[in-house]
Amino acid sequence: MVSQWKRELLDNATGVFEGKGEGKAAQKTREEIDTLYRELGKLTVEREFLSRRLDC
């Protein structure tokens with residue numbers, strides 16, 4: 001476990017100190033958040049559509 005953290009630190013350490021753009025981990029996190037927001041929006045639309053259909 002510690003060796004995995006050390007390997008990730010060594011792989012991404014330059015991104016931490018450069019200050020340019022986002023690191024790989026931050027970019028991956030941002031992509032995951034964007035995906036979750038898209039899924040949330042889709043589910044919200046589906047729920048609203050079904051609730052209107054059931055009310056009629």
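**Note on salt bridges and a surface patch**

1. The side chains of E39 and K42 come together in a salt bridge, with an N to O distance of 3.9 Å; the model in which this pair is found is a predicted one. The two residues are 3 apart in helix α2, which spans residues 24-55, so about one helical turn separates E39 from K42.

2. A search of the whole structure returns 2 salt bridges, and R52 with E48 forms one of them, their side chains meeting at 3.9 Å from N to O. Here the spacing is 4 residues within helix α2, so that R52 and E48 are also separated by about one helical turn. The two partners fall into separate accessibility classes: R52 counts as exposed because its relative accessibility is 52%, whereas E48, at 36%, counts as partly exposed.

3. Turning to the nonpolar surface, M1, V2 and W5 make up a patch whose accessible area together is about 420 Å². Of these residues, W5 belongs to helix α1, which runs over residues 2-18, and the tryptophan W5 counts as exposed because its relative accessibility is 55%, the cut-off for that class being over 50%.

Note on methods: Residues numbered from 1 in each chain as written. Predicted model: local features only at pLDDT ≥ 70, side-chain atom pairs only at ≥ 80, totals over all residues. Heavy atoms only, no water. Patch = residues over 30% accessible without salt bridge, like charges linked within 9 Å, V, L, I, M, F, W, Y side chains within 5 Å. Areas by Shrake-Rupley, 256 points an atom, 1.4 Å probe, with all protein chains shown as cover. Salt bridge = Lys/Arg side-chain N within 4 Å of Asp/Glu carboxyl O. Buried < 20%, exposed > 50% of the residue type's maximum accessible area, 1.4 Å probe, protein only.
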